[in-house]
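Reader: Hello! I am new to this structure and would like a close look at one part of it. Could you walk me through a metal site and then its surroundings?

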Amino acid sequence: MTDIVHKGGCNCGALRYEIKGEPGLVLACHCLNCQRQGGAAFSVNLIITEEQLALHGDPKVYVDKDTDSGNFAYRHFCGNCGSPILTTSDLFPHIRVIKAGTLDERTGFAPQAVCWTDTAFDWGAELLKGIPSSPRNPQL
Ligand SMILES: [Zn+2]
Ligand SMILES: [Zn+2]
């Protein structure tokens with residue numbers, strides 16, 4: 001595995017993380033849950049394995065039961081400042097989904113795939129046009 005480490009964290013610094021190596025996929029998501037959680041038109045997510053992640057701090061976890069697949073999503077966020085940091089799912093227990101906006105870096109990590117265009121803002125879908133997309137959950 002590569003020695004590259006990407007760092008990030010929440011607004012207040014109570015949660016910090018390191019990602020070893022590169023994400024397997026950078027996935028933009030237009031689902032309603034991501035929109036509500038981030039307060040944004042869509043989220044950009046780094047798909048990594050649990051072995052790649054070192055998380056420092058003690059996140060609060062919201063169990064999101066309102067998912068299309070019926071599998072619970074566990075939304076880890078900072079209980080102090082509210083920043084969403086990562087999501088886990090019963091469906092993919094060894095996968096960690098990191099919110100790209102919490103990275104320290106501002107270079108790279110452009111979305112390679114897009115999902116949930118069914119619930120995208122019209123201009124949000126337009127912004128990411130040309131990237132392979134799925135109307136709902138991605139075929140990973
Ligand atoms: Zn915080
Ligand atoms: Zn989503």
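How are the donor residues of the zinc ion (ligand 1) spaced in sequence?

Author: First, a word on what you are looking at. This is a predicted model, in which local features need pLDDT of at least 70 and side-chain atom pairs count only at pLDDT 80 or more, while totals for chains, interfaces and linings use all residues. Residues are numbered from 1 along each chain as its sequence is written, chains are lettered from A and ligands numbered from 1 in the order in which they are written, and side-chain values use heavy atoms, with hydrogens and water left out.

Now to your zinc ion. The donor residues of the zinc ion (ligand 1) follow the spacing C-x1-C-x65-C-x2-C. They are Cys10, Cys12, Cys78 and Cys81, each coordinating through its SG atom at 2.3 Å. Donors here are N, O and S atoms within 2.8 Å of the metal (3.2 Å for Na, K and Ca), and sites may look incomplete because water is not among the atoms. The 4 donor atoms make angles of 105 to 118 degrees, and the site of the zinc ion (ligand 1) is tetrahedral. For four donors, that word asks for all angles to lie between 85 and 135 degrees.

Buried means under 20% relative accessible area and exposed over 50%, with partly exposed in between (1.4 Å probe, protein chains only).

Let us look at His6 next. This residue is found in strand β1 (residues 5-9). Strands (E, at least two residues) and helices (H or I, at least four) are DSSP runs, numbered from the N terminus. With a relative accessible area of 7%, His6 is buried. Its side chain makes a polar contact of 2.9 Å with that of Glu22, and another of 2.6 Å with the side chain of Glu105. A polar contact is a pair of N or O atoms within 3.5 Å; within protein, one must be able to donate a hydrogen and the other to accept it, and residues adjacent in sequence count only if both atoms are side-chain atoms. Leaving aside residues up to four places away in sequence, His6 also touches several others, including Tyr17, Ile19, Leu103 and Phe109; contact means heavy atoms within 4.5 Å.

The zinc ion (ligand 2) has Cys29 (SG), Cys31 (SG) and Cys34 (SG) as its protein donors, lying 2.1 to 2.3 Å from it. Their spacing in sequence is C-x1-C-x2-C. Cys31 and Cys34 are both buried.

Cys29 brings us to strand β3 (residues 25-29), where 5 of the 5 residues are buried, so the strand is largely enclosed by the rest of the structure. Leu25, Leu27 and Cys29 cover one side of β3, and Val26 and Ala28 the other. In a regular strand, side chains alternate between the two faces of the sheet. β3 runs antiparallel to strand β4 (residues 43-49), joined by 5 bridges, and Ala28 has Val44 as its bridge partner in β4. With β10, β3 pairs in the parallel sense over 3 bridges, and there Cys29 is partnered by Cys115. Two strands pair if DSSP finds at least two bridges between them.

β8 is mostly covered, with 5 of its 6 residues buried. β8 also pairs in the antiparallel sense with strand β9 (residues 95-99), over 2 bridges, and Leu86 stands opposite Ile98.

Methods:
Tetrahedral: all angles 85-135°; square planar, octahedral: opposite > 155°, others 65-115°.
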